[in-house]
Amino acid sequence: MKQNHLKNILRTSQYSYDRNSFLRLDANERVIPFKKKIILDLKKIISNITLQSYPTTSQTLIDLISNKEKINSKYITVVPGSDSAIKCIFEIFNSGNKKIISIYPTYGMLDVYSKIYKFKITKINEEKFEEKIFNKKILENVSFIYLANPNQPSGNIIKFKLLEKIINKAKKNKKYIIVDEAYIDFSNQQSCSKLINKFSNLIILKSFSKSFGLAGLRIGYVISNKDIAKSILAVRPIFDISHFSLKVAEYFLKNKIILREHVADIKTSRKVVKKECLKRKLNYKDTHANFFHIFLKKKQISKISRFLKKKKILVKSKYSKGFKVLDNSIRITYGSKPQMMYFFRTFDKIYKKII
């Protein structure tokens, strides 16, 4: 069978340069170095077993996640990252009505998998989402609703009460709703995990990449009912999470202070960034995630981005088509206070020349 549609999906997962030599403020990764003790502890995890053997069980990690989320372990499935979980969901629903609804723009892999599996997306602009999602006809012939909360690239959030109302409406219409909470720990919003007993149509995606700062491990988990968990198990590859990743994730969940300290560092940096932006009279936007936006004139953006890259600082300056609100901004990942001060000192060198 010919798969000509795949030839039209233009994307790459590789960079043409070594990002590790830059201050990586473009991908919402953790850029604050781990303490030396943590690195030394993690080195102890490396052994013949973690390197040579397939993982035999993820139950220890599941039990630790259960304790963190305060839910029964039967609702938890460990997966190799949120994007892998999204792929599994598309495969599970890859029959019948291949139509989905999402805030737009949002996490880019939703578009990619929609094209791969030939799903049609009803894209609702974030600013009009609350108004349109309760339209009586919106859920007709829909497989599922996808909501990143907080969303990306905007960093906006749907308040808990409204989200619960949307989930309830979806349940009444016998539709599944996927809530991607990759950035939830950076916000003051409570997780939807507490609703899992109440709503059998709810699927929650979680990641170790953002608040734990473990993007290199490619590991996350799904909170769902047993039927969805069994379906994920059916479509996923066997042994798709490395033994090493499981053990490192266990270490971070056992040492809860690491997560608390990282989130606290980001909150401190928020205050620093606000002060520095106000000092320069910059039009900026804080978010409910681990990044912020600085709005500039369109002709300034490419000059600033290129200059910063020459100075070994990466920022995000291109977004999904159709999101004009952020077209004239650069997105910057929050780092430590010294990293943020270094960013602004470097930013000043070019900004003062072009204003």
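Student: What should I know before I start?

Tutor: It's a predicted model, where local features need pLDDT of at least 70, side-chain atom pairs count only at pLDDT 80 or more, and totals for chains, interfaces and linings use all residues. Residues are numbered from 1 along each chain as its sequence is written, and side-chain values use heavy atoms, with hydrogens and water left out.

Student: How many helices and strands does the chain have?

Tutor: The chain comes to 12 helices and 12 strands; these are DSSP runs numbered from the N terminus, with helices being H or I of at least four residues and strands E of at least two. Its radius of gyration is 21 Å, close to the 20 Å from the globule rule for 355 residues, so the chain is as compact as a globular protein of that length. That radius is taken over C-alpha atoms, and the rule is 2.2 Å times the number of residues to the power 0.38.

Student: What is a salt bridge, and how many are there?

Tutor: Side chains of opposite charge can pair when their charged atoms come close. Here the test is a side-chain nitrogen of Lys or Arg within 4 Å of a carboxyl oxygen of Asp or Glu. The structure holds 19 of them. Take R19 and E29: their closest N and O atoms are 3.1 Å apart. R19 sits in the segment before β1 (23-25) and E29 in the loop between β1 and α1 (36-45), 10 residues apart.

Student: Which residue does E29 also pair with at 2.6 Å?

Tutor: That's R24. R19, R24, D26 and E29 are linked in a network of salt bridges.

Student: Is R19 buried or exposed?

Tutor: Buried, because its relative accessibility is 9%. Buried means under 20% relative accessible area, exposed over 50%, and partly exposed in between (1.4 Å probe, protein chains only). E29, at 18%, is buried too. Across the chain, buried residues make up 53% of the 355.

Student: What about the nonpolar core?

Tutor: In soluble globular proteins, nonpolar side chains tend to be buried together. A core here is a set of buried Ala, Val, Leu, Ile, Met, Phe, Trp, Tyr and Cys residues joined through side-chain atoms within 4.5 Å. The largest has 53 residues, and those with the most contacts inside it include L61, F208 and I219. Another core of 33 residues lies apart from it, with V272 and F292 among its members.

Student: Which residues does I219 contact?

Tutor: Contact means heavy atoms within 4.5 Å. Leaving aside neighbours within four places in sequence, I219 touches residues including L61, V78, F208 and A249.
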